[in-house]
Amino acid sequence: MAKDVMCEVNSCKYWANGNKCNASSISIVSHHGGSQARTTEETDCKTFESKV
């Protein structure tokens, strides 16, 4: 897995100083279902969990 995963969503419980993600694993999915995406906008981070 990538050593430094960057994240700017500071409302996520996995966000750490320096815009780093400290989740032990990361899940990203396509908006369309399945495994096809052509742009960043067609994907979502399923690892996100709100701090509150």
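**View 1. Overall fold.** The protein has zero helices and four strands. Helices (H or I, at least four residues) and strands (E, at least two) are DSSP runs, numbered from the N terminus. This is a predicted model: local features need pLDDT of at least 70, side-chain atom pairs count only at pLDDT 80 or more, and totals for chains, interfaces and linings use all residues. Residues are numbered from 1 along each chain as its sequence is written, and side-chain values use heavy atoms, with hydrogens and water left out. Along the sequence the pattern reads β-β-β-β. The C-alpha trace spans about 30 × 25 × 15 Å along its principal axes. Of the 52 residues, 13% are buried. Buried means under 20% relative accessible area, exposed over 50%, and partly exposed in between (1.4 Å probe, protein chains only). The protein exposes about 4,300 Å², with carbon and sulfur atoms supplying 49% of it. These areas come from the Shrake-Rupley method with a 1.4 Å probe; for residues, only the protein chains shown count as cover. Among contacts between residues at least 6 apart in sequence, 27% join residues at least 24 apart. A contact means heavy atoms within 4.5 Å.

**View 2. Salt bridge K20–D4.** The model holds two salt bridges. Each is a side-chain nitrogen of Lys or Arg within 4 Å of a carboxyl oxygen of Asp or Glu. In this view, K20 and D4 pair through their side chains at 3.4 Å, N to O. K20 sits in strand β2 (residues 20–21), and D4 in the segment before β1 (15–16). The two residues are 16 apart, so the bridge links distant parts of the chain. K20 is partly exposed at 32% relative accessibility. D4 is also partly exposed, at 46%.

**View 3. Salt bridge K13–E49.** Here the closest N and O atoms of K13 and E49 are 3.3 Å apart. K13 lies in the segment before β1 and E49 in the segment after β4 (43–45), so the bridge ties together parts 36 residues apart in sequence. K13 is partly exposed, with a relative accessible area of 43%. E49 is partly exposed at 36%.

**View 4. Cysteines.** The disulfide count is zero. A disulfide is a pair of cysteine sulfur atoms within 2.5 Å. For C12, the nearest cysteine sulfur is that of C7, 5.7 Å away. C12 is buried, with a relative accessible area of 6%. For C45, the nearest cysteine sulfur belongs to C21, at 6.5 Å. C45 is partly exposed at 43%.

**View 5. Surroundings of K51.** K51 is in the segment after β4. Its relative accessibility is 48%, which counts as partly exposed. Leaving out residues up to four places away in sequence, K51 touches N10, S11, C12, K13 and W15. A polar atom of the K51 side chain lies 3.0 Å from the backbone oxygen of N10. This is a polar contact: a pair of N or O atoms within 3.5 Å; within protein, one must be able to donate a hydrogen and the other to accept it, and residues adjacent in sequence count only if both atoms are side-chain atoms. K51 and M6 are 45 residues apart in sequence and 17 Å apart in space, C-alpha to C-alpha.

**View 6. Surroundings of T47.** T47 is found in the segment after β4. T47 is buried at 11% relative accessibility. The T47 side chain reaches the backbone nitrogen of S27 at 2.6 Å. Beyond four places in sequence, T47 touches Y14, A23, S25, I26 and S27.
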